[in-house]
Amino acid sequence: MIRGIRSELFKLRTSPGPWVVAGATLLFTALGIVVVFLVRRGDGQGVQFIAPTSVYRLRRLIGAGFAVGGVWMAAIAGVLCVTGEYRHKVMTTSLLVEPRRWRLLTAKASASLIWGIGLAIVSLLLVGAMGIPLLNSQGGSVSALLDQAGAVLPGFFAAFALLALFGAGLGTLIKNQIAAVVTILAITFIVEPVFDGILPHVGRWLPFAASAAVAGGLAPTDARMYLLSWWLAAIVLTAWGLVPILIGYFVTFKKDVT
Amino acid sequence: MDTATRRPDAVAIEVSGLNKRFGSIQAVADLDFTVAPGRITGFLGPNGAGKTTTLRILLGLVKATSGTATIGGHRYEDLDRPLHRVGALLESTSFHPARRARDHLRMCAIAASIEVSRADEVLDLVGLRDAARRRVGGYSLGMRQRLGLATALLGDPSVLILDEPANGLDPQGIAWLREFLRYLAGEGRTVLVSSHLLAEMSQTVDDVVIIADGRARASGPLASLTSQVRAAMRVRTPEADRLLGVMAAAHWTSRRLAHDLVLVESVTPDQLGPVLARSQIVVYELVNQSTDLESVFLSLTANEPPVVRPVATAPGQPGVSSP
């Protein structure tokens, strides 16, 4: 199994799609950092750029990749990990190397999860490279920032990893890469906001809300009252990954490759 | 090939009672054949005959409706480390266009527990060393075929299953492939090759399996098959009825293929020419139907009755059958 996962990670490393996703994660992280530093002035004269001081804003700086929805890039990476095989007809080669399909799918799901953690690390590196100098220049406290890291990072990593697993599940279910990515975007920008607005008690069971609960320290205070507890959200988000993988395995992955 | 060195891990491919149905279409029907180690076996048939489906069943990519297709007695999906046992080339498009050739091979090597340095060895073997770092999207069809062969050889397998490996190769490439397959079979490997290039196959293969409409029409050594095709002459004449009468009088078997076309069996041009002259039959065309692989193929896969006669099959020895 380990060699299968290594091979899947090598596939991701040697194709452009996952790197484009990593680039997009960096972009969202950079945007998140800027958003954290932008504060609306009380005199109605617009916004100004000042160092974050509240616990919430400091945590949001650490999780800048999460802050503006960059975490969804992990889900798209998971989609690419599975659907790239169909799009480029590489599935034939993969199954010749590993004909036991459940092993191949497990390797893909595991590689997606690891790639998701990799995206979280990339995002954190940018926070270090960009956020800390910015914090220093604005007279902010780096030690206060680091004090919050322990509370935020486990949930931050878990959210990236589990959303990547969710993406892999969606990719197993929907073989068409474009359709799978569009589905991710539709869930992000249409389905979840609608549920959040109309039925928040239902919406909290959806993947993005569950990921916000997993990364509890990053969610706005007013949203937290609707979110599931972090451990229940972790179970829900894992289920959002594993259930489509199981269904996809029997519905599409086991089918004839012609 | 009889002098081929048997590899200790050399095994036969066995297909028995194989059936595959896609909805209402019977792609493979009661297919039986065996491929012996140390020999190159050509798998021939017209488009849609069921060749690729059979190979995909053999490789565990398509599930058979019934019957078995095994390699050394095992299904492909049950093989431990399959890349070390079986190398396969199925289609030249099975590559990520943005991935470098060497990375494609390394990716397979990692998954199959093969040293990644083997990637460079096989690229060298198929003549792609200089293009190893190029992205596969920029490869020609012939180069992709070579890369596919390199992938098949990655695990130094004792069995090779190649679907149309000559596709996209230029004449030099085809000549290279011929020698290469001979070299591989000479090492004692079991080589099964499907192709529609009959002239090329006749120069390459030792044995043939011919299928049409999913059914085996013939199998056995190539020399044995071609020797069983009777010499025949095709005569185009406006006097077909009179010709049939003359042939019957001469005790020669003949049959009408079209209103102005007659096939006369078991005769040579030297025998038939004088008879036609003596009978003063007008002839527009006189064609010697040669006894090559193409003739065997056409006679076995055409809808008309074949000219090949059934022969007795020795136990354990593949034989020729008529549809």
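**Aromatic pairs in the predicted model: close-up views**

Over all chains, eleven aromatic pairs are counted in this predicted model, where rings of Phe, Tyr and Trp (its six-membered ring) pair if their centres lie within 6.5 Å. Planes under 30 degrees apart count as stacked, over 60 as edge-to-face and the rest as tilted.

**View 1. The edge-to-face pair of A:Phe156 and A:Phe157.** The two rings lie 6.0 Å apart, centre to centre, with 65° between their planes. A:Phe156 is buried at 0% relative accessibility, whereas A:Phe157 is partly exposed at 23%. Buried means under 20% relative accessible area, exposed over 50%, and partly exposed in between (1.4 Å probe, protein chains only).

View 2. B:Trp176 is partly exposed, with a relative accessible area of 21%, while B:Phe180 is buried at 6%.

**View 3. The charged end of B:Arg146 over the ring of B:Trp176.** The charged end lies 4.3 Å from the ring centre. A charge sits over a ring if NZ of Lys or CZ of Arg is within 6 Å of the ring centre and within 35 degrees of the ring normal.

**View 4. An aromatic cluster in chain A.** Ring pairs join A:Phe66, A:Trp72, A:Phe166, A:Phe208 and A:Trp240.

Residues are numbered from 1 along each chain as its sequence is written, and chains are lettered from A in the order in which they are written. Local features need pLDDT of at least 70, side-chain atom pairs count only at pLDDT 80 or more, and side-chain values use heavy atoms, without hydrogens and water.
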